[in-house]
Amino acid sequence: MLSFLLMVDSRVADRRVGDRNILDAFALKFCAIAERHVRYIVVSGFVAISHGRRRTTEDIDMIIERMPKPEFISFHNDLIEEGFHCMQSSKVEDVYDYLNNGDGVRYTDNDQFFPPEMEVKFVKDELDTLQMATRKKLDFTGLDIWFSSIEFNIAFKEELLKSPKDMEDARHLRIIYKDELNESFIEEIKTKIRKLRLKQ
Amino acid sequence: MRDKLHMETVEEWAEFVRDNPREKWKKPVDMLINATYEKSSDFYARLDKTAEGRKILARLKVERLNSGKRGE
């Protein structure tokens, strides 16, 4: 089994950077470009995975602050120059319209649109604004990436997403950060989720 | 719904990650992720070699674009 796992073809090997796995390398490259243009956070599954959760994902979720079209065009063009491709459209104006309409736009690092992909969304409400304001770099991950706080990720997974995978992600993070979590902040976030995301 | 044993396995692994140095848990996680991408990359590349496969890839792309409509 070990020898099988170590037999990687050149396409996969090309997507690694040093001792980083493919997801880490993809996220680091994308986030380094984002950092030059906009405040961002990485949220959800990749947060758990970068804390050692034993699973993978096809997409990494990123929230960015709203930005005027000219600034977004500069960001998008930088991504394209660095080898990323947008799945929705090659026209940057269309991509910006998707974002402005509240949709996520997806970027891959290959023109065949094979995973992994980064799904990018604009901040949409006060919950996202608070996530952005309380963003953190998490030493445990060893990654130079801005993440939403562990409390936010746990609250979203336990209160909103709730799939078995999400509940396991939350449990994993609760164990990693045992005795360090701000439970009252988690409850505060859950209250906001019920008010802003679960209202009928 | 996954069974209790599955969650127990998740918890045991999380405790191992918390209680051991990074080099002990990072390598197996990296191997899992890289191997998964290796297999999927091979699969997509095989599909891309035929007209029928390219149709499937196009459908998969549409499904991926339509997925992830979550409230988060």
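Begin by selecting helix 1 (residues 4-19) and helix 2 (residues 22-47) of chain B in this predicted model, whose axes come within 8 Å and cross at roughly 130 degrees. Axes here are lines fitted to C-alpha atoms, for helices over the stretch in contact, with angles running from 0 to 180 degrees between N-to-C directions. Helix 1 of chain B is therefore oblique to helix 2 of chain B, since angles under 35 degrees count as roughly parallel, over 145 as roughly antiparallel, 65 to 115 as roughly perpendicular and the rest as oblique. Helices (H or I, at least four residues) and strands (E, at least two) are DSSP runs, numbered from the N terminus.

Next, display the side chains of B:Trp13, B:Phe16 and B:Val17 on helix 1 of chain B, together with B:Lys24, B:Trp25, B:Pro28 and B:Val29 on helix 2 of chain B; these residues make the contact (heavy atoms within 4.5 Å). By class, this contact has 6 nonpolar, no polar and 1 charged residues. Ala, Val, Leu, Ile, Met, Phe, Trp, Tyr, Cys and Pro count as nonpolar, Asp, Glu, Lys and Arg as charged, and the others, Gly among them, as polar.

Residues are numbered from 1 along each chain as its sequence is written, and chains are lettered from A in the order in which they are written. Local features need pLDDT of at least 70, side-chain atom pairs count only at pLDDT 80 or more, and totals for chains, interfaces and linings use all residues, while side-chain values use heavy atoms, with hydrogens and water left out.

Now show both chains. Chain A brings 59 residues to the contact and chain B brings 40 residues. The area buried between chain A and chain B is about 4,400 Å², with 56% of it from carbon and sulfur atoms; buried area is the accessible area (1.4 Å probe) that two parts lose on being put together, summed over both. On chain A, select A:Arg54, A:Glu168 and A:Ile175, which lose the most area to chain B, together 14% of what that side buries.

Between chain A and chain B there are 3 salt bridges, each a side-chain nitrogen of Lys or Arg within 4 Å of a carboxyl oxygen of Asp or Glu. Zoom in on B:Glu11 and A:Arg171, whose side chains meet in a salt bridge (2.8 Å, N to O).

In the loop between strand 4 and strand 5 of chain A, select A:Pro116; the peptide bond from A:Pro115 to A:Pro116 is cis, with omega near 5 degrees.

Finish at A:Ser44, in the loop between strand 1 (40-43) and helix 4 (45-49) of chain A. Phi of A:Ser44 is near 70 degrees, a positive value in a residue other than glycine.
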